[in-house]
Structures are given as structure tokens and as C-alpha cells.
Amino acid sequence: MAWTAGDPSAAEALRRGRILSSGLYLDGVPSSKAPVVYSPAYDIEFNGIEKQHPFDSAKWGRVRNFLVDAGLLQDDRIIEPLEASEDDLLVVHSESYLSSLKSSAKVARIVEVPAVALLPNLLVQQKLLYPFRKQVGGSILSAKLALERGWAINIGGGFHHCSAEEGGGFCAYADISLCIHFAFVRLNISRVMIIDLDAHQGNGHEKDFGSDGRVYTLDMYNSGIYPFDHVAKKYIDQKVELDGGTKTEDYLEILDKALKVAESRFQPQLILYNAGTDILDGDPLGSLKVSPEGVITRDEKVFRFAKDQSIPLLMMTSGGYMKSSARVISDSIVNLSNKNLIDIGTHCIEIE
């Protein structure tokens, strides 16, 4: 049974019941585990079909490999999430939207790979949508870990183009919206800030929280690329539109100013940081010119912004369409540890 728009109180009660009965929060995670969430099931291997999209569908596993090879993490300290179930997804999505994903042609349009339309949906569910659902579980769990530990990183997620009723841009499930609704009910918070620094506008979560004063959105993106969602733009609390080709020094200066404005306008209890690496110079879709060192500095600025105000922060890795993205993400996490902005319990490590 899906909640209905006709009775808001009944809809909210049903949403709340689903959240309270969910097992995604994994009670009793040992303190020996680092608040870093990942599963080998995140990676998409689809008989080569995944290579028809520029997204590096093995990025998440390569980030994990780099972190382990660097000595920052061991496998037994990484937290593996559960898959988001249909009941979990119904917290935000309608039954009709989830049913539409049983059409391979629908999924093909969302992930922008036409060949997917020709495949049996059972295979699409197993090879493509299951990894997405695992990452959704990771994003939801990361909010709980952030409140408990002060920070958390999901080495995946950040599907910011998906809203309750519409997927797109390689985003089939609205993990950001789901994460926030779970946090409102289970973590007893009422003020969340989204800092979306992916190169693309985060139109999915903007539509879902457009009239919700509990959520403040800072979205800094290239205005000349997908999704050109003018309806969603109206819902952005703090819109920072960048010109294509913006370089590192200018990007970081604009970010500093934006964070100061955000600090003066809203005092959140949790920050969701969508840390897309498609701002990198050379990314085929982001069309910005930020260096790898600039991305590392960007992440440091956001984590420092949160830590200076004692606000828990969770990070999702979101977009990034070059093979180099995985190394940049791992180097950034190493830098955060070296700067004592996160505590993974290891000594200072040199970035290669």
C-alpha cells in the first residue's frame, strides 16, 4: 500500500511507520568500525554494457582499493550497508514510479544507455538497480553514523537527479531525499543543509524539498550543462551558478563566499555533502577546470565548515566521469584524515 496525496496525515503516518520498521540503520555497529560505508555490490559490471555510459561504474571499488592500499582503512573496518527494500523506497517514491522501473526501456532512459532497453528486466534489476539500492542503503545509514561519530562517508550514492516521481541522469532512486526523511524520524532532527557541489544542478532533491523549510540547499553548479531544470531552480535556497571553464582559484574563492552566506542563513543539525568530482578539469560532462588539488581543497573546506560549527556531516561521492576520479576521491579522504578533519584512527599518510 502506497501513501496517497488525498490524506496528508495518513500519508505521513504510513511514511513514519515504514521508517521506524526499517532495518537500514544497523543498530549495534561496533565502535571499531570506521564510519565509512561501502559494499563490493556497489560496482556495476554488466557484460560491458556499462561502458556505453561515460560514468566509471567501478569507481566506488577503486576508491576502496586506493584507501586500503594507502593503509588508511582495512576491510574489516568498513561498514557494509543493507539493500534498500521496496518498503524503504516507498518512504519517498510512489508505487507507480517503482513499478515503472520494471520496464527495461524506462531504466534505459534514466541511465542513458539505450542498450539496456533490450535486456530482460530481471537482469536489469540484478546488474544495475540492485547496486543502486545498496548505495541508497549506504546513504541512509551514513546519516545515522554521522550523528553518532560526527562524520561519515558513503563511497557511493549522491543520486541527486532523482526525485520522488522522476529519475534521470544515471539516478534511479532518490537517496538524498530518503536519507533526510529517515533522519527526521529516526534521528530526531529538524534542520538539514544540503551542500551540493557536483558540477550538475541537483534537481531531484530540490523538487522533493522545494516547500520544506527544514531543508536548506546550497547548490553550486555549471549553469550551461544538464539538467537545465528551471522549475527546480526556483526551489534552491542558495543558487550559485558557475560559468563553463571556471578554474580552480576562482572556484575556491566562490565557494568560500558561498559557505559564509550559508553559515549566516541557516543553522543545520546535519549536513549532506554531495561531493561530485565531475568538476575536474577534463571531465567530459562537467565542463569545469578544477585541478585534483582543487577538489581536495574543496572537500577540506566543506569538512572544516562543518567541524568549526560542530555539525555532523555525511559525504556522498556522486558524479565524476573520468578514471582519475577514484584516485582524487581517495587522496581527498587521506587529506581529511591528515588534517584531523576526520578520525579514522591511523597515522599521517602521504598522498601519492
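Guide: Let's start with strand 4 (residues 215–222), which is mostly covered: eight of its eight residues are buried. This is a predicted model, where local features need pLDDT of at least 70, side-chain atom pairs count only at pLDDT 80 or more, and totals for chains, interfaces and linings use all residues. Residues are numbered from 1 along each chain as its sequence is written, and side-chain values use heavy atoms, with hydrogens and water left out.

Visitor: Why is T277 called buried?

Guide: Buried means under 20% relative accessible area, exposed over 50%, partly exposed in between (1.4 Å probe, protein chains only). T277 has 1%, so it counts as buried.

Visitor: And where does T277 sit?

Guide: In the loop between strand 6 (270–274) and helix 11 (292–308). Helices (H or I, at least four residues) and strands (E, at least two) are DSSP runs, numbered from the N terminus.

Visitor: What makes strand 3 and strand 4 a pair?

Guide: Two strands pair if DSSP finds at least two bridges between them. Strand 3 (residues 192–196) and strand 4 have five, in the parallel sense, so they pair. In one of these bridges, V192 is partnered with V215 of strand 4.

Visitor: How does the chain get from strand 3 to strand 4?

Guide: Through helix 8 (residues 203–208), in a right-handed β-α-β crossover. Right-handed means that, with the strands pointing away from the viewer, the path from the first strand over the helix to the second runs clockwise.

Visitor: Which strand do five other bridges join to strand 4?

Guide: Strand 5 (residues 238–242), running parallel to strand 4. There, L242 is the bridge partner of N222.
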